[in-house]
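Subject: A structure for you to look through

Hi there,

Here is the structure I promised to pass on. Have a look at it first, and then read my notes below.

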Amino acid sequence: MIAKMKSCAVNGFEAIIVDVEVDITLGLPVFNMVGLAETAVRESRDRVRSALQNAGYTFPMDRVVVNLAPADFKKEGTGLDLPVALGILCAQGLFQASAAASWLFAGELSLDGYLRPVKAALPFALAARDHGFKGIILPKENGAQAALVKDIDVLAPDHLAQVVDFLAGKANLAPLEPDLSLLLESDGADRENDFSHVRGQTHVKRAMEVAAAGHHHILLNGPAGSGKSLMAKCLPGIMPEPSFEEAMEIAKVYSVAGVSREPGQPLGARPFRSPHHSISDAGLVGGGTVPKPGEITLSHNGVLFLDELPEFRRSVLEVLRQPIEDGIITLARANAQATYPCRFMLAGAMNPCPCGNLTNPDRECTCTPAKIEQYKNKISGPLMDRMDILVEVPRLSFNEMTADGDRESSRAIRKRVEKARDIQARRFKKAGTTCFSNADMGPKLLQQFCPLDTQSRRVVEQAMKQFNLSGRAYASILKLARTIADLAGTPDILKPHVLEAVQYKRLDQSRDDFSRTSIL
């Protein structure tokens, strides 16, 4: 007799429906599994046999063949244990195949028949909804995550016997109710990293506000101990709260990767990833024999912070150039190809020189000009050109660090950022485009939404000549000026907006020096 169960397997970022076909025929006792199964899937033969026997069921002493269709992509993980076991029991007549036809099954089996959690529960539930299934049955630990998907029933039993009794009509399993607090945090949540804890650095906070409002990449340059890392960690707190769709994308990324969020952090909270500079290019963008998501994908809809940027290997940094602009990364291998989302805000931090004291007024720099040049050249020109905002972070004096006074909180800054994002969303919706933010505008949208008056045009023209800026830098200035105007609530881009935007394209020039340049 042949029994068929429906399950799922992950192929890149998407879940693919897998038909688990079980055939039991007379012959020598053997358990074969076909359909391009990787090691963990093939090992399910021993787990399933022990789980069935220890749960009180009989494992057939006949020829058992399990086919996993379609067979043109490799099945990974342990989530096929449960449907394989159910297929064997269905083929033995313990329940009718029609009882299982409207359900999707996923779960790992322990040797005593209990269900263990699996990766990618959220994509599995989404696949069940999109393919018209009544619901999904998976382990209890995965239930709360899968229940976030609307319009399907999610059943989360503890043991294999509960699933069999449910399909045989001997017991009921109650669908789980969704708990949205697992996905989104409340607006009033207190954050450990808040700009109210940062003293001074007003111009850096302003630059970060502009970066968050337009989703622009930002590079902080300053001596050690000036607060670069602290302020970078505050960035997620001033970004707009993610929409339900964005939060689901974030949760789906972490579900596919099998990576847990920080304790107490909702599944859909904007991520902040800060990999060590010893990371490999595969660890950063993803890779492996079977492609896996990397740090840029784990930063999707959030912030990727690269501290001590010049200490990263140049080959690692260079692989960022294409994902930064495209918002997706396609990993092609001999046996598989996977595409992952990676729309992140890149925040970098670096010292002005190897010793870190070049711009420190209180300590003397011991680096030679050649060493300083070599240090800066670790970051290629094309990558630096993709950084929209370059800002100097000076070291604070003792009086500045200990000064009292009201400091603006991240929540207050976030309100202004959200207003600017709302203006952008309405503008893009009216234009009929799916553009996410000002930083994503292409040439057509730049021409439509970033016209310059005569004075502003003259400022940009002189800046391009004086600073030898590229065409990409020109587009970046227009996008920044558009964001600054949105923060000001101004429909038109004015000269002050352009001046501030141009200022962010110069890293080796302080604010006071810039104010004296001829382009003003």
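Let me begin with a question: is Phe166 buried or exposed? Phe166 is buried, at 18% relative accessibility. The word "buried" stands for under 20% relative accessible area, "exposed" for over 50%, and "partly exposed" for what is in between (1.4 Å probe, protein chains only).

Before the rest, some background. This is a predicted model, in which local features need pLDDT of at least 70 and side-chain atom pairs count only at pLDDT 80 or more, while totals for chains, interfaces and linings use all residues. Residues are numbered from 1 along each chain as its sequence is written, and side-chain values use heavy atoms, with hydrogens and water left out.

Rings and charges

Phe166 has an aromatic partner, Trp103: their ring centres are 5.6 Å apart and their planes make an angle of 85°, an edge-to-face pair. Rings of Phe, Tyr and Trp (its six-membered ring) pair if their centres lie within 6.5 Å; planes under 30 degrees apart are stacked, over 60 edge-to-face, and the rest tilted. By this rule there are four aromatic pairs. Trp103 belongs to strand E5 (residues 103-105) and Phe166 to helix H7 (residues 160-167), so this pair ties together parts 63 residues apart in sequence. Helices (H or I, at least four residues) and strands (E, at least two) are DSSP runs, numbered from the N terminus. Trp103 is buried too, with a relative accessible area of 4%.

Arg49 lies over the face of Phe59, 4.9 Å from the ring centre, and the charged end of Arg427 sits over the ring of Phe449, at 5.8 Å from its centre. For such a contact, NZ of Lys or CZ of Arg must be within 6 Å of the ring centre and within 35 degrees of the ring normal.

Backbone details

Ala69 and Pro70 are joined by a cis peptide bond, with omega about 0°. Pro70 lies in the loop between strand E4 (63-69) and helix H3 (81-91). His215 is not a glycine, yet has a positive phi of about 60°; with a relative accessible area of 4%, His215 is buried. Asn301, also not a glycine, has a positive phi of about 65°, and is buried at 1% relative accessibility.

Cysteines

How many disulfides does the structure hold? There are zero, a disulfide being a pair of cysteine sulfur atoms within 2.5 Å. The closest cysteine sulfur to that of Cys365 is in Cys353, and at 3.6 Å it is too far for a bond.

Enjoy exploring!
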